[in-house]
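Me: Could you take me through this model and show me how to read its features?

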Amino acid sequence: MTLLNGLYKFSFKTVRGTGCGVMFATPSGKLYGGNSGSSFIGGYTVQDGVISSELKMSRHNHDPGYVPMFPVDNVIMRFKGAHHGNEVHFEGGTDALPGIVFTSILTPIDDADAPPPGAIGPNGLINGLYSIHIRMLDGIDGGNTGVMMLHDGRIRGGDAYFDYIGAYTAANGKWKGELVNREHTPSIGERPLFGGHEVGVGFSGTYDRDGAEGEATALAGKRSIRFKAVLRKLVEAES
């Protein structure tokens with residue numbers, strides 16, 4: 001198998017540090033992903049078993065308290081890699097950071113237990129990659145950021161520690177859905193609210209051409225936690 005397809009966890013390593021995120025790949029050669037700070041949008045080609053990818057890295061988290069690992073934005077990153085079992089191992093970098101080599105591994109995320117896609121009605125939500133910014137309600141301090149791929153009633157996404165799989169329905173400016181929030185990389189206490197739990201989430205809200213928002217309830221263990229989520233469209237995707 002040489003083509004990429006579905007949701008992956010990515011991990012990377014450089015001399016300056018390590019990190020993780022999620023990547024959604026299509027068999028037609030498109031890549032949509034990100035983590036808690038940046039999005040990665042581009043594509044890949046396959047020739048003689050070598051996978052070449054080019055991605056634009058753009059910051060989506062502009063919170064003053066967030067400090068990115070690298071002081072660059074809107075840069076092109078290029079990688080070459082190959083399959084190693086069910087993983088894909090890459091090496092590459094960007095001209096904006098000369099001498100910095102990124103080694104990265106894509107690992108498939110099992111989404112076999114995802115709910116079936118929801119129905120999309122008139123004036124449905126636009127398919128694409130969105131940033132998601134979460135703010136806790138009911139006096140709970142905290143929040144989170146990540147990316148979410150919305151495509152024909154399916155939800156696939158995540159951040160540096162968690163992946164999201166789910167489904168939604170949308171029509172005439174209103175949407176609702178469900179998803180499961182799972183930990184793909186141990187958060188080591190950095191996200192103690194959901195860390196270590198597989199969390200079910202139900203939500204409803206509104207949307208327009210630029211994004212969506214909604215209120216959600218998460219069931220973490222025996223706790224019921226409410227939060228508000230705001231999504232902003234980063235790029236429109238193929239239908």
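Predicted model: local features only at pLDDT ≥ 70, side-chain atom pairs only at ≥ 80, totals over all residues.

Me: In what order do the strands β1 to β8 close into a barrel?

Reply: Begin with the terms: strands are DSSP runs (E, at least two residues) numbered from the N terminus, and two strands pair if DSSP finds at least two bridges between them. Here 8 strands close into a barrel in the order β1-β2-β3-β4-β5-β6-β7-β8, with antiparallel pairing. The twist from one strand to the next averages 30°; the axes behind such angles are lines fitted to C-alpha atoms, and angles run from 0 to 180 degrees between N-to-C directions.

Me: What is the strand order in the barrel that runs from β9?

Reply: That closed barrel of 8 strands runs β9-β10-β11-β12-β13-β14-β15-β16, with antiparallel pairing. Its neighbouring strands are turned by 30° against each other on average, direction ignored.

Me: How many residues of β9 are buried?

Reply: Buried means under 20% relative accessible area, exposed means over 50%, and partly exposed lies in between (1.4 Å probe, protein chains only). Strand β9 (residues 128–136) is mostly covered, with 7 of its 9 residues buried. β9 runs antiparallel to β10 and is joined to it by 8 bridges, with Gly128 opposite Leu150 in β10. The hairpin of β9 and β10 has 6 residues between the strands, and Asp138 in that hairpin takes a positive phi near 60°. β9 also pairs antiparallel with β16 (residues 223–236) over 9 bridges, where Met136 has Phe227 as its bridge partner. Elsewhere, β13 (residues 174–183) and β14 (residues 199–207) pair antiparallel over 8 bridges, and Gly177 stands opposite Phe203 in β14.

Me: How many aromatic pairs does the structure hold?

Reply: A pair of aromatic rings is described by the distance of the centres and the angle of the planes. The rings of Phe, Tyr and Trp (its six-membered ring) pair if their centres lie within 6.5 Å; planes under 30 degrees apart count as stacked, over 60 as edge-to-face and the rest as tilted. The structure holds 6 aromatic pairs. One of them joins Tyr168 and Trp175 edge-to-face, at 5.8 Å centre to centre and 75° between the planes; both residues are buried. Ring pairs also link Phe12, Phe70 and Phe102 into a cluster.

Me: Which residues lie nearest the centre of the largest pocket?

Reply: Rolling a probe the size of a water molecule over the atoms shows where empty space is left. On a 1 Å grid over the protein atoms alone, a cavity is a set of points where a 1.4 Å probe fits but cannot get out, and a pocket is an open set with protein on both sides within 12 Å along at least five of seven lines; lining residues have an atom within 4 Å of a point. Grid points are joined across faces, edges and corners, and a volume is the space filled by probe spheres set on the points. The largest pocket has a volume of about 790 Å³. Of its 37 lining residues, Phe10, Phe12, Cys20, Asn35 and Phe40 lie nearest the centre.

Me: What is the volume of the largest cavity?

Reply: About 40 Å³. Among the residues that line the largest cavity are Leu7, Tyr32, Gly33, Leu129 and Arg156.

Technical notes: Residues numbered from 1 in each chain as written. Heavy atoms only, no water. Helix = DSSP H or I, 4+ residues; strand = E, 2+ residues; numbered from the N terminus.
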